[in-house]
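This report goes through one predicted model.

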Amino acid sequence: MYVIHRRTPLSSAITALEVEAPLIARKRKPGNFVIVRPTATGERIPLTIVESDSERGTITLIVQAIGKTTQLIHTMKEGDEFEDVVGPLGEPTPIENYGKVVCVGGGVGTAVVYPMAKALKAAGNKVISIIGAQNSDTVILEKEMSAVSDELFVTTDDGSRGIKGFVTQALGEIMERGDDIHSVYATGPLPMMRAVANQTRGSGIRTVVSLNPIMMDGTGMCGACRVTVGGKLKFACVDGPEFDAHEINFEELIARNKNYMNQEREAMETLKQEHQCQAG
Amino acid sequence: MSRNHVSKPKVEKIIPLKPRERMQIPRHAPIEQDPGCRINNFSEVSDGFNVELASEEALRCLECNDPVCTKGCPVNVDIRSFIGLIYQKDYQGAINKIRESNYLPAICGRVCPQESLCESVCLVGKKNEPLAIGKLERFVADYEINTGGFTPPKVDESKGQSVAVVGSGPGGLTVSAELAQRGYAVTIFEALHEAGGVLKFGIPEFRLPKHIVDAEIDRVKALGVKIETNVIIGRTLTIDELFEEMGFEAVYLGTGAGSPRFLNIPGENLGDVYSASELLTRVNLMKAYKFPEYDTPLKLGKRIAVIGGGDVAMDAVRTSKRFNPEKAILLYRRSRDEMPARAEEVHHAEEEGVEFHFLTNPVEIHGNEDGSIRAIECQKMELGEPDEQGRRRPVPIEGSNFMMDVDTVVMAIGQKPNPIIQQTTPGLETSGWGTVIVDGNGSTSREGVFAGGDISRGGATVIQAVADGKQASRSIDTYLTEKRMEEAPVQN
Ligand SMILES: Cc1cc2nc3c(=O)[nH]c(=O)nc-3n(C[C@H](O)[C@H](O)[C@H](O)COP(=O)(O)OP(=O)(O)OC[C@H]3O[C@@H](n4cnc5c(N)ncnc54)[C@H](O)[C@@H]3O)c2cc1C
Ligand SMILES: Cc1cc2nc3c(=O)[nH]c(=O)nc-3n(C[C@H](O)[C@H](O)[C@H](O)COP(=O)(O)OP(=O)(O)OC[C@H]3O[C@@H](n4cnc5c(N)ncnc54)[C@H](O)[C@@H]3O)c2cc1C
Ligand code: SF4
Ligand code: SF4
Ligand code: FES
């Protein structure tokens, strides 16, 4: 069913997969995600729909191998099938012509912000983008982001590409220029999104982040993805995943996302052992 | 719900015992795993009756002229007749008899709250313990599964009309089975990757094995019903598209009430606080009890507190108990008598060493610096005046707060319908609680859209969802028959 038509490595741990899912491709809007299960014994995990092609009936996912499930997906080949793909999930990004907007992607978060940037550009916004990565190897979607941005900044932690430093450094420069920024869209690791939120809080610039809590069903049925936004309980899979960054309780979410750390390590160990067995 | 009139011709009695003799036979207990043993596995607690036990239990039936038991059953299973067939050792005949009224007997025999339905009115129960109707129903259903004796009931000639059923819980399965038998083409759309609804992701393996649920689903499929998993109505497809683009002429909403409620107390979003839905879905649907063979993890500590007093709470605490904690505790704010859970499950939980704390209400969950749970703070309650449903209302006792040393908390305080369909279907009326409003026939405010089960009741029982499904299938049949007539070319 959910066949991988094309697999494109973007870095040593990040790949783009074009997956057959005609019903989802037809409906998908920027900001939507899917839940996938690679195998019949696999875990359900959320992945953003980076692009969709309703004619080919495919969606494009970009996945970074960080744990057992993403590692498994990373090693899937063209012609392989996902056991399950369900979506499109989440509330789409509201898109209007706001004027000038900044889109910030950190690490694989660039894959999440890219469809937003593309839609914002198409709606007539002036789009300034920042993509950050650890080093030049992990910078992804630079060409694509550049094509939908009026201005693009690249930052790397080690300075091997673009500006040396975090995305907040580039954001600081843009804010200092005195540009009339209407909104900031930021997606990436939680500490990065928190840093961006703190940076724009004083200026009151509307800041939207796409959260990545642990999810399971993606339909509002388990509460695993719950976050506190403006003091209220929200389920990121149905109420989000995008929220007003200034209202989010990041500390709580960061702690919740660490919940399964030990089990995930165990799962990774068994995956490694399986690979060794196959190799030997 | 329409009350089928139960006729009372004098039917001959086939069991040769005198009523007094029958009344003297004590109720038979099912074969069960030893509690000390079963808390170390996820296998079914009860093996139910074997042939001997079933035959002897059947002897207890008084073969009443007015079998009130049938009226106590929401779908009016002809209990007297199926028990007679068990006495005659015609087990396949017995299950066929049940299936005339209930297409999911292996499930209902296991999970119906019989003590408040069919068995609550059984005449034997006036003096002795009532007949074990549920266990007998389960026995013949299992007999059929084990012997492979199932042949699908007759399906009417195709009516040329198709119906979309949203959700594959007991309600959706029932509507589908009923309409397929009447000649409609039925497709079920299910959001998850497996069919079965709560039967699959909620009720644990040790109470309702998943191969049993699959066997019943296979019987629905045997009628020609198609099941499309991984389709979320409201997201992947909308109700309007089902009608306008896909050509369905009626839609049944059986999407249940799966969205967990929380108490809104401080500390509730600490990492080790789960909803019962999350805990049970991880274990049942995702098979976390087989981790790392299955990839989905579950992290439970050594002292687990489950909040609530219904079936969901009982399932959550007994599931927790099977992960070998020092303590699995149940905290309930009323007293034992007000607990809505099935009596059998409360009894099983007690046998398994679950610690019950009644009249205890959590007010705060205290965390450590690393985000783990240190303790749960509770307040003592006392029972006050009865509420609208006649249950005595719990009232907090001032100054009675105390700490309980726990490291995991599970919230099982109720669920509500998730809002996806309601938000994406124009013209569908809902109540303040988010449930879809239906009339007595299962019709919603949208033409051609019917609903029942938990989505309209907000958390009821399997058999109630089955009963709603049967009612709605009759309404859908009437609706589509009229539609057929209107659209048919006028003949002279
Ligand atoms: C709405 C949404 C959209 C997403 N889109 C993408 C995407 O387009 N591409 C992509 O590569 N990833 C995306 N993610 C994150 C992705 O789902 C997680 O990386 C994945 O679930 C990890 O699974 P795993 O078994 O490989 O790793 P695990 O073994 O589960 O986790 C490895 C480590 O990552 C942490 N972690 C666990 N879950 C998450 C999470 N949800 N987010 C971040 N860290 C986590 C764990 O604490 C652990 O330390 C998205 C998440 C959400 C909620
Ligand atoms: C843990 C637990 C234990 C229980 N124990 C008992 C018991 O012992 N006895 C008893 O009688 N009752 C019990 N109940 C209650 C009983 O299970 C429910 O009343 C019953 O399952 C309701 O059936 P339903 O058909 O309305 O929906 P459900 O069984 O809830 O099924 C609804 C289905 O619809 C799917 N769905 C939801 N939204 C969509 C959508 N937008 N598109 C497509 N599909 C969708 C869901 O994934 C689900 O599969 C229990 C409930 C729980 C949670
Ligand atoms: S379906 Fe449930 S209520 Fe009806 S007879 Fe069977 S066990 Fe009793
Ligand atoms: S009420 Fe009890 S005794 Fe009478 S027919 Fe029903 S099951 Fe038998
Ligand atoms: S993922 Fe389960 S409620 Fe959001």
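## Interface of chain B and chain A

Between chain B and chain A, 19 residue pairs are in polar contact, with both residues of each pair at pLDDT 80 or more. This is a predicted model. On the side of chain B that touches chain A, strand S7 (259-260), strand S8 (273-275) and helix H14 (276-284) of chain B each supply at least two residues. The most comes from H14(B), which gives four residues to that side. Sorted by class, the side of chain B that touches chain A holds 18 nonpolar, 13 polar and 10 charged residues.

In terms of contacts, 41 residues of chain B meet 44 residues of chain A. The area buried between the two chains is about 3800 Å², and carbon and sulfur atoms give 53% of that area. Three residues, B:Arg235, B:Asn269 and B:Asp295, account for 20% of the area that chain B buries against chain A, more than any other three residues.

The rule also finds five salt bridges across the interface of chain B and chain A. In one salt bridge, the side chain of B:Glu241 meets that of A:Arg26, with an N to O distance of 3.3 Å.

Helix H14 of chain B also contains B:Glu278. Is B:Glu278 buried or exposed? B:Glu278 counts as buried because its relative accessible area is 3%, and the limit for buried is under 20%. Leaving aside residues up to four places away in sequence, B:Glu278 touches A:Met216, A:Cys222, A:Gly223, A:Ala224 and A:Tyr260.

## Ligands

Around ligand 2 there are 37 residues, and those that come nearest are B:Val111, B:Gly171, B:Glu190, B:Arg207 and B:Asp454.

| Residue | Atom of the residue | Atom of ligand 2 | Distance |
|---|---|---|---|
| B:Glu190 | polar side-chain atom | oxygen | 2.6 Å |
| B:Ile233 | backbone N or O | nitrogen | 2.9 Å |
| B:Val462 | backbone N or O | oxygen | 2.9 Å |

For B:Ile233, a backbone N or O atom lies 2.9 Å from a nitrogen atom of ligand 2.

## Backbone geometry

Chain A has a cis peptide bond between A:Gly87 and A:Pro88, with omega about -5°. A:Pro88 lies in strand S8 (residues 84-89) of chain A. A cis peptide bond also joins A:Gly240 and A:Pro241, and here omega is about 10°. A:Pro241 is found in the loop between helix H7 (236-239) and strand S17 (242-244) of chain A.

In chain B, B:Asn324 has a positive phi, near 60°, and is a residue other than glycine. The residue is placed in the loop between helix H15 (311-321) and strand S10 (327-331) of chain B. B:Asn324 counts as exposed because its relative accessibility is 55%, and the limit for exposed is over 50%.

B:Leu359, not a glycine either, has a positive phi of about 50°. B:Leu359 sits in the loop between strand S11 (355-357) and strand S12 (360-367) of chain B. With a relative accessibility of 22%, B:Leu359 counts as partly exposed.

## A glycine in a loop of chain A

A:Gly165 lies in the loop between strand S12 (163-164) and helix H5 (167-176) of chain A. Its relative accessibility is 14%, so A:Gly165 counts as buried. Not counting residues up to four places away in sequence, A:Gly165 touches A:Thr155, A:Thr156 and A:Asp157. A:Lys232 is 67 residues from A:Gly165 along the chain, and the C-alpha atoms of A:Gly165 and A:Lys232 are separated by 34 Å.

How values were computed:
Residues numbered from 1 in each chain as written. Chains lettered and ligands numbered in written order. Predicted model: local features only at pLDDT ≥ 70, side-chain atom pairs only at ≥ 80, totals over all residues. Heavy atoms only, no water. Contact = heavy atoms within 4.5 Å. Buried area = accessible area lost by both parts, 1.4 Å probe. Salt bridge = Lys/Arg side-chain N within 4 Å of Asp/Glu carboxyl O. Polar contact = N/O pair within 3.5 Å; in protein donor to acceptor, adjacent residues only side chain to side chain. Nonpolar A, V, L, I, M, F, W, Y, C, P; charged D, E, K, R; others polar. Buried < 20%, exposed > 50% of the residue type's maximum accessible area, 1.4 Å probe, protein only. Near = heavy atom within 4 Å.
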